Amino acid sequence: MLQAECLLLYALIFSLQPNNYLEIGTLYGGSALIVAAALENRRSNGRIFCIDPAPQIGPEHWQQLAARTTLIQGFSLAALSRARTMAGAPFDFALVDGDHSYHGCLRDAKALLPLVGNGAYLIFHDCFNTPVAWAIDGFVRKHASQLLDFGPLTREITIEHVPGEESVA
Ligand SMILES: C[S@@+](CC[C@H](N)C(=O)[O-])C[C@H]1O[C@@H](n2cnc3c(N)ncnc32)[C@H](O)[C@@H]1O
């Protein structure tokens with residue numbers, strides 16, 4: 001994540017204080033560490049649930065996460081219901097940052113919807129990435145009656161422009 005995105009995530013978690021944070025796509029644990037730091041500084045007991053088929057969280061970082069984090073190694077579709085059972089309550093904040101294909105992102109968004117509570121926040125990383133943008137559009141159109149206040153939170157673009165490919169700006 002870019003610095004501005006890290007600050008944004010930190011500020012959202014610090015101010016909204018989710019009880020059950022879920023993320024799809026964890027890799028080295030960067031976003032989870034930001035969430036853990038914000039919850040820690042808020043003296044919150046909020047829990048973190050991470051789903052990734054191939055997490056690579058170093059031991060020094062896991063040390064900072066372990067007390068409040070459940071890591072589920074697996075693909076989102078199979079792991080989501082396990083995560084929800086382990087959480088024991090609906091998620092109130094979710095970060096989607098796993099499969100960035102159109103179908104993958106749309107599938108994750110749809111699968112998440114029944115697992116979050118009223119007033120939950122769903123955020124998508126790389127929302128300017130064309131397949132992700134289309135997936136969010138499709139998701140919002142199909143489920144408009146269940147969604148409120150959607151839109152981009154940042155204008156930072158983290159993907160590189162490939163010459164000859166459609167611009168995402
Ligand atoms: C961009 S990285 C996540 C970065 C992390 N959120 C951060 O900001 O530090 C994307 C991760 O998504 C994972 N991933 C890909 N497809 C997935 C899926 N279907 N379910 C869960 N995770 C997936 C990959 O293994 C990879 O580790």
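When two helices cross, the crossing is called left-handed if the near helix is turned anticlockwise from the far one by less than a right angle, and right-handed if the turn is clockwise. In this model, which is predicted, the crossing of helices H4 and H5 is right-handed. Helix H4 covers residues 76-87 and helix H5 covers residues 102-112, and the two pack at an angle of about 20°, with their axes 10 Å apart. Because angles under 35 degrees count as roughly parallel, H4 is described as roughly parallel to H5.

The contact itself can be followed residue by residue: Ser76, Leu77 and Leu80 in H4 meet Arg107, Asp108, Ala111 and Leu112 in H5.

Turn now to the strands. Strands of a sheet pair through backbone hydrogen bonds, in either a parallel or an antiparallel way. Here five strands form an open sheet in the order S3-S2-S1-S4-S5, and the pairing is parallel. Strand S3 (69-73) and strand S5 (116-124) are the edge strands, each pairing on one side only, while the twist from one strand to the next averages 15°. Within the sheet, strand S1 (residues 20-24) pairs with strand S4 (residues 91-96) over four bridges, and Leu22 has Ala94 in S4 as its bridge partner.

H5, in turn, lies across S1, S4 and S5, and runs at about 165° to S5.

Key:
Residues numbered from 1 in each chain as written. Predicted model: local features only at pLDDT ≥ 70, side-chain atom pairs only at ≥ 80, totals over all residues. Heavy atoms only, no water. Axes fitted to C-alpha atoms, helices over the stretch in contact; angles between N-to-C directions. Parallel < 35°, antiparallel > 145°, perpendicular 65-115°, else oblique. Contact = heavy atoms within 4.5 Å. Pairing = 2+ DSSP bridges.
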